[in-house]
Amino acid sequence: MAPTRINGILGVSKAYITRVGGGPFPTEQQGDAGEYLRKIGNEYGAVTSRPRRCGWFDVPLLRYTATVNGFDSIVITKLDVLDDLDQVPVCVAYRVNGKTVDTMPATEREIEAIEPVYEILPGWKSPTRGMSQWESLPARARDYLKFLESSTGVEVGCVSTGRNGIRP
């Protein structure tokens with residue numbers, strides 16, 4: 001396909017973040033929260049069955065990824081994994097060497113020194129699995145998605161709640 005035929009770029013991200021392998025992962029949760037995301041989200045390698053590393057949504061990381069890849073909008077998957085949480089932390093900035101920044105650091109040394117700065121959003125404590133209409137989502141789930149949209153600067157174009165997709 002010729003590049004002139006492309007009229008939009010769609011990014012995809014989970015409603016939380018996962019990673020395979022080593023390396024820096026600022027929002028990684030190693031305790032109960034990480035295990036919860038792994039278990040409920042079935043975050044195990046398809047081939048190896050190894051557990052994936054899990055953590056909270058990382059706004060500066062998505063903002064950087066969207067800039068590098070030129071996203072026009074994003075699909076947020078696995079929203080339903082967060083359904084039972086009282087609160088949902090979202091990393092909105094980083095503290096690097098005592099300074100708060102809201103962009104990805106430029107060097108590996110700085111990335112390794114990141115301390116996440118979280119904003120805690122209220123959970124919705126209501127099932128979203130299988131919903132297929134934006135208006136059907138709990139108000140706080142919609143608020144979470146609107147927060148991701150406004151803080152990343154990337155339109156949420158579709159949401160996955162299990163096998164179904166929702167277009168806001």
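The model is predicted: local features need pLDDT of at least 70, side-chain atom pairs count only at pLDDT 80 or more, and totals for chains, interfaces and linings use all residues. Residues are numbered from 1 along each chain as its sequence is written, and side-chain values use heavy atoms, with hydrogens and water left out. The structure holds seven salt bridges and one aromatic pair.

**Salt bridges**
- A salt bridge puts a side-chain nitrogen of Lys or Arg within 4 Å of a carboxyl oxygen of Asp or Glu.
- Lys-14 bridges to Glu-43, with the closest N and O atoms 2.9 Å apart. Lys-14 lies in strand 1 and Glu-43 in the loop between helix 1 and strand 3, so the pair ties together parts 29 residues apart in sequence. Helices (H or I, at least four residues) and strands (E, at least two) are DSSP runs, numbered from the N terminus.
- Arg-129 bridges to Asp-80 at 3.3 Å between the closest N and O atoms. Arg-129 is exposed at 60% relative accessible area, whereas Asp-80 is buried at 14%. Buried means under 20% relative accessible area, exposed over 50%, and partly exposed in between (1.4 Å probe, protein chains only).
- Asp-86 bridges to Lys-125, the closest N and O atoms being 3.4 Å apart. This pair links loops 39 residues apart.
- Shared partners join Lys-14, Glu-43, Arg-52 and Lys-78 into one salt-bridge network.

**Glu-43**
- Glu-43 has 0% relative accessibility and counts as buried.
- Beyond neighbours within four places in sequence, the contacts of Glu-43 include Tyr-16, Thr-18, Leu-37 and Cys-54. Contact means heavy atoms within 4.5 Å.

**Strand 1 (10-14)**
- Gly-11 and Ser-13 point to one face and are buried.
- Strand 1 pairs with strand 5 (residues 73-77) in the parallel sense over five bridges. Pairing requires at least two DSSP bridges between strands.
- Ser-13 stands opposite Ile-76 in strand 5.

**Aromatic pair**
- A search of the whole structure finds one aromatic pair. Trp-124 and Tyr-144 form this tilted pair, 5.6 Å centre to centre with 50 degrees between the planes.
- Rings of Phe, Tyr and Trp (its six-membered ring) pair if their centres lie within 6.5 Å; planes under 30 degrees apart count as stacked, over 60 as edge-to-face and the rest as tilted.
- Trp-124 is buried at 7% relative accessibility, and Tyr-144 is buried at 2%.
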